[in-house]
Amino acid sequence: MPEMERPTKAFFWREAKDYVMITIAMLSYCIGWAVFLLPNNITTGGVAGVTSILFWATGIPVQFSYFTINAVLLLFALKILGLKFCLKTIFAVTVLTVAVGIATENYTGHLLSDQPFMAAIIGSVFCGCGVGLGLANNGSTGGTDIIAAVLNKYRDISLGRVIMICDVIIITSSYFVLKDWEKVIYGYVVLYVTAFCIDQVVNSMRSSVQFFIISDKYKEIGHRINKEPHRGCTTIDAHGFYSGKEVKMLFVLAKRRQSDVIFRIINEIDPTAFVSQSAVIGVYGEGFDRFKVRRKSPKNEV
């Protein structure tokens, strides 16, 4: 029984962390959308863009139309993609709906109204960081993400391509309401900066490094790395070509933020150790990211 409690507690804290980070992410998105973009008549992509256009055309509060459209999409996706995919998206949509409702009711100013380009840049940074933080913690703002996930399940279509096409159509259509091509161009700027920020946030949070450490005190270094940053070490038998000496080499994979801790450990135990550090594109397995492999349908199997 004690062995069963550990994964349950770890799962609980991991899920709790995800929900806290998703909440922070949605608040960031809310600031970018409700404070910088919406008051300055600058649209964005996704459902947020659709609801902004509806607001400018009809006066319907964005939080109502945003929640309604996402509710329909989530009901549609629930049957196709399952509850596991939709649960955190439902939470994210709810938090963003409430936050935008509070922001639009209590904030009536027009920050940077005389500098729409700066409003577009700052707003898209907040939105992009919010989306990136949400995605890095297994969340989503819904909208075109749901449409892309559904299409991707049945057709071999790039998720990014589907989202990009939807967003370009939404931003371009804002001209029919605003009658201002300048605001449409600002919308394209928002789309680009948002995508850039999403990539930066997701990649920085998931980036990993690998170490090759050659030292006579490899056991002490390995034990400390196991204990402090809680990372595994692999011992590799190596042979010095010039010296002809048999040596032990440690192979370590860690998150980038743990690099300073590992260097400090090595310096304390053996300042003369030979260390090589390099960035890796992706690390999958226990303690890192999950495998992202799409299963083949039975009809495609031989």
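A pocket is an open set of grid points with protein on both sides within 12 Å along at least five of seven lines. In this predicted model, the second largest pocket holds about 230 Å³ of space. Its lining is formed by 13 residues, and those nearest the pocket centre are L38, P39, F55, T104 and Y107. Classified by residue type, the lining of the second largest pocket comprises 7 nonpolar and 6 polar residues, with no charged residues.

A separate part of the model is organised around a sheet. Strands of a sheet pair through backbone hydrogen bonds, in either a parallel or an antiparallel sense. Here the sheet is open and has 4 strands in the order β2-β3-β1-β4, with antiparallel pairing. From one strand to the next, the twist averages 20 degrees.

The individual pairings can be described in the order of the sheet. Strand β2 (residues 233–239) is joined to strand β3 (residues 246–255) by 7 bridges, and the two run antiparallel. Within this pair, C233 stands opposite V252 of β3, while H239 has E246 in β3 as its bridge partner. The hairpin formed by β2 and β3 has 6 residues between the strands, and G244 in this hairpin adopts a positive phi near 75 degrees. Strand β3 is also joined to β1 by 7 bridges, again with the strands running antiparallel; in this pairing, I213 has L250 in β3 as its bridge partner. Strand β1 (residues 208–214) pairs in the antiparallel sense with β4 over 7 bridges, and S208 stands opposite V280 in β4.

Two helices pack on the sheet. Helix α10 touches β1, β2 and β3, and its direction makes about 15 degrees with that of β3. Helix α11 touches β1, β3 and β4, and its direction makes about 10 degrees with that of β1.

The axes of α10 (residues 218–227) and α11 (residues 259–269) come within 10 Å and cross at roughly 145 degrees. This crossing of α10 and α11 is right-handed. On the α10 side, the contact is made by E220, I221, R224 and I225, and on the α11 side by I262, R264, I265, I266, E268 and I269. By class, the contact of α10 with α11 contains 6 nonpolar and 4 charged residues, with no polar residues.

Methods: Residues are numbered from 1 along each chain as its sequence is written. This is a predicted model: local features need pLDDT of at least 70, side-chain atom pairs count only at pLDDT 80 or more; totals for chains, interfaces and linings use all residues. Side-chain values use heavy atoms; hydrogens and water are left out. Axes are lines fitted to C-alpha atoms, for helices over the stretch in contact, and angles run from 0 to 180 degrees between N-to-C directions. A crossing is left-handed if the near helix is turned anticlockwise from the far one by less than a right angle, and right-handed if clockwise. Contact means heavy atoms within 4.5 Å. Ala, Val, Leu, Ile, Met, Phe, Trp, Tyr, Cys and Pro count as nonpolar, Asp, Glu, Lys and Arg as charged, and the others, Gly among them, as polar. Two strands pair if DSSP finds at least two bridges between them. On a 1 Å grid over the protein atoms alone, a cavity is a set of points where a 1.4 Å probe fits but cannot get out, and a pocket is an open set with protein on both sides within 12 Å along at least five of seven lines; lining residues have an atom within 4 Å of a point. Grid points are joined across faces, edges and corners, and a volume is the space filled by probe spheres set on the points.
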